[in-house]
Amino acid sequence: MTSLQQVLAEVHRREWAAVLAATVRVTRDLDLAEECVQDAYAAALDAWTRDGVPDRPGAWLTVAARHNALDALRRARTLRSKLHLLVEPEAVTGQDAAAGPQVHDDRLRLVFLCCHPALATEAQVALTLRLVCGVPTAHVAGAFLVSEPTMAARITRAKKKIAAARIPFRMPTADELPERLDAVLTTIHLLFTTGHTAPEGPSLTRTDLEGRALELARMLHGLMPGEREVRGLLALLLANHARRATRTAGDGRLLPLDGQDRSAWDQEAIAQAHELVLGALGGGDPGRFALQAAIAALHASAPTYDDTDWPQILLLYDRLLQVWPSPVVALNRAVAVAMVAGPASALAEIEALEQDERLAGYRYLPAIKADLLRRLGREADAAVAYERALSLAGNDAERAFLAGRLAEVGPGR
């Protein structure tokens, strides 16, 4: 890959969401907007080769994509009816202000557009991750534990339904916000998760995706500060993001939680998370994001790994599994079981989860099983499980970590 292609790839990761959101404001059509933005990136490769990379590549791409939209509208003989959309000010229009809360960031508008109740919840989240966040379809599929073709079909159907229903590009009214909130929260959480541990590539993290998720979570909290689950999501992200500098060694080697330098954790972020958790847990039965935030806060506040309050974490997982009966939650709960009741008890739960087809390609299932087997002294069985986890891992840092563990328990160690 040439240096210019690398620059363009980085600009794509950083600017895609903002350029697409600005273009949707013109086209009011997701498919057309996506096509216009893709054409703008293609044009950039030629123009930047000739003229050099502009000082503000995102602005260059936005202008190019909007010009593409103008041409497309002209060809469709609708320029006259759409012209006012091309010259509207950056501030919220009167129509949008009357329709819902004032939000000046087009990306958050686009999130709420994609998370429309006319779509199935999984389709809402998948469409948002793909379009607004630029997450590849294969990675979206992995987040939902389904195949890539299945997810691609869901995203296509969702876009067609938005077009057919003529869903407007605006913030929902205050009364409409609650029915879209869970999908918006889920989207932001999955975006952060995809950045926190990248599904593939040389680095453990995708800092651009992590940062984008945090930014969206903060904007959402500013929009809905009284919503407990919004507080919970922001707390969850802050507590996990606080460890970002210690999750790998200087050579890029993955460091598990018990090997991280807690003195280097972001204490200000942890304090903010703690305050948000208190607000998220009070006032009634907590939701799934509040419970996850409470678990993350307990990890972040423990002075050492040995001081972690595992019994309390296990209780929170029990409650979370009731609120959100997900096989991934059950798998994470098994880790807490191992710390409270020992690896043998947890291994029995892992073996039961192996019967759940949704986890068939989930890399953390064999990785956790391998760790439990290693702790039980069953090194040959652990080696088999590490090999399975290694075959599923796409992230280089995770692969190196698993290969190291395999070398510790495999033949000829």
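Hi everyone, let's start with a pair of helices: α7 (residues 121-131) and α9 (residues 148-165) pack at an angle of about 95°, their axes 9 Å apart. That makes α7 roughly perpendicular to α9, a label used for angles of 65 to 115 degrees. The axes are lines fitted to C-alpha atoms over the stretch in contact, and angles run from 0 to 180 degrees between N-to-C directions. Helices here are DSSP runs (H or I, at least four residues), and strands are E runs of at least two, numbered from the N terminus.

Before I go on, this is a predicted model, so local features need pLDDT of at least 70 and side-chain atom pairs 80 or more, while totals for chains, interfaces and linings use all residues. Residues are numbered from 1 along each chain as its sequence is written, and side-chain values use heavy atoms, without hydrogens and water.

Who meets whom between those helices? From α7 come E122, A123, A126, L127, R130 and L131, and from α9 come M151, R154, I155, A158, K159 and I162, with contact meaning heavy atoms within 4.5 Å. Those residues split into eight nonpolar, no polar and four charged.

Now to charges. The model has 17 salt bridges, each a side-chain nitrogen of Lys or Arg within 4 Å of a carboxyl oxygen of Asp or Glu. One of them joins D318 and R333 at 2.5 Å, N to O. D318 sits in α15 (residues 310-323) and R333 in α16 (residues 327-341), so the pair ties together parts 15 residues apart in sequence. R333 is buried at 17% relative accessible area, whereas D318 is partly exposed at 28%; buried means under 20%, exposed over 50%, and partly exposed in between, with a 1.4 Å probe and protein chains only.

My last stop is D371. Its side chain meets R375 in a salt bridge of 3.9 Å, N to O, and both lie in α18 (residues 364-375), four residues apart, about one turn of the helix. D371 also forms a salt bridge with R405, at 3.5 Å between the closest N and O atoms. R405 is in helix α20 (residues 396-409), so this pair ties together parts 34 residues apart in sequence. Salt bridges that share partners join D371, R374, R375, R405 and E408 into one network.

Note on methods:
Parallel < 35°, antiparallel > 145°, perpendicular 65-115°, else oblique. Nonpolar A, V, L, I, M, F, W, Y, C, P; charged D, E, K, R; others polar.
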